[in-house]
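Hi everyone, and thanks for coming. Please take a look at the model on the screen, and then I'll walk you through a few parts of it.

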Amino acid sequence: MGDSGAQYVVEMMKENKTLTDLGLAGNFGDLGAQCVAEMMKENQTLTTLGLAGNFGDLGAQCVAEMMKENQTLTTLGLGGTKIGDLGAQCVAEMMKENKTLTSLMLSSEFFGDSSARCVAEMLKENQTLTFLGFGGDIGDSGAQFFSEALKENTTLTYLDLNNCNIGDSGAQFFSEMLKDSHRSHSRR
């Protein structure tokens with residue numbers, strides 16, 4: 001589709017008042033993401049938006065800004081992108097304040113420790129997200145960030161960290177977190 005195709009979709013969505021789910025994975029770059037984000041600031045019907053694919057930090061910044069205004073999306077897919085640390089930080093900052101998204105898929109081959117830390121810190125503050133799919137080369141240190149965040153988060157019920165290169169040490173962080181969680185629930 002390309003970036004110009006995204007503009008056609010935006011025009012179509014201005015007229016559409018019934019579509020609730022839209023998947024546009026792999027179809028455009030940063031400019032296309034910017035067009036879709038602008039449309040979503042005003043759209044009141046979509047609850048699910050899948051934008052996985054080819055855009056990077058600029059596209060992620062546009063989507064994060066859009067989510068500050070959109071009050072209808074509950075599911076956002078940003079998997080398999082070219083987003084780096086800056087884009088992850090923008091999305092994480094937005095999610096600290098967002099009160100409508102319950103499901104977020106966020107993955108990139110460019111994510112590492114810094115991206116994992118930003119997103120994990122967000123989990124300490126966000127109280128609406130119930131599903132988080134996060135993918136990147138975060139390793140054991142990223143696992144530690146997430147396990148620490150889960151000690152404070154009370155709403156997340158599903159965390160998907162597939163293909164994150166987590167080793168035995170990372171698994172141990174989660175094991176200890178779950179033991180601590182079980183002990184605190186037993187004392188109540």
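Let's start with a question: which residues of helix 4 are buried? They are Gly 87, Ala 88, Cys 90, Val 91, Ala 92, Met 94 and Met 95. Buried here means under 20% relative accessible area, exposed means over 50%, and partly exposed is in between, using a 1.4 Å probe and protein chains only.

Before going on, a word about what you are looking at. This is a predicted model, where local features need pLDDT of at least 70 and side-chain atom pairs count only at pLDDT 80 or more, while totals for chains, interfaces and linings use all residues. Residues are numbered from 1 along each chain as its sequence is written, and side-chain values use heavy atoms, with hydrogens and water left out.

Helix 4 covers residues 85-97, and its 13 residues reach 19 Å from first C-alpha to last, close to the 18 Å expected. That expected span is 1.5 Å times one less than the number of residues. The buried residues of helix 4 pack against helix 3 (57-67), strand 3 (75-81), strand 4 and helix 5.

Now find strand 5, residues 131-135. Four of its five residues are buried, so strand 5 is largely enclosed by the rest of the structure. On one hand, strand 5 pairs with strand 4 (residues 103-108) in the parallel sense over five bridges; strands pair if DSSP finds at least two bridges between them. Gly 133 in strand 5 is the bridge partner of Met 105. Strand 5 also runs parallel to strand 6 (residues 158-160), joined by three bridges, and there Phe 131 has Tyr 158 as its bridge partner.

Two helices complete this picture. Strand 4, helix 5 (residues 113-125) and strand 5 make a right-handed β-α-β unit, and strand 5, helix 6 (residues 139-150) and strand 6 make a right-handed one as well. Right-handed means that, with the strands pointing away from the viewer, the path from the first strand over the helix to the second runs clockwise.

How many aromatic pairs does the structure hold? There are three. Rings of Phe, Tyr and Trp (its six-membered ring) pair if their centres lie within 6.5 Å; planes under 30 degrees apart count as stacked, over 60 as edge-to-face and the rest as tilted. Phe 111 and Phe 134 have ring centres 5.2 Å apart and planes at 5°, so this pair is stacked. Phe 111 sits in the loop between strand 4 and helix 5, and Phe 134 in strand 5, so the pair ties together parts 23 residues apart in sequence. Both Phe 111 and Phe 134 are buried. Phe 131 and Tyr 158 are also stacked, at 4.9 Å centre to centre and 20° between the planes. Phe 131, at 24% relative accessibility, is partly exposed, and so is Tyr 158 at 45%.

Last stop: Ser 115, in helix 5. Ser 115 is buried, with a relative accessible area of 0%. Leaving aside neighbours within four places in sequence, Ser 115 is in contact (heavy atoms within 4.5 Å) with Gly 84, Asp 85, Ala 88 and Phe 134.
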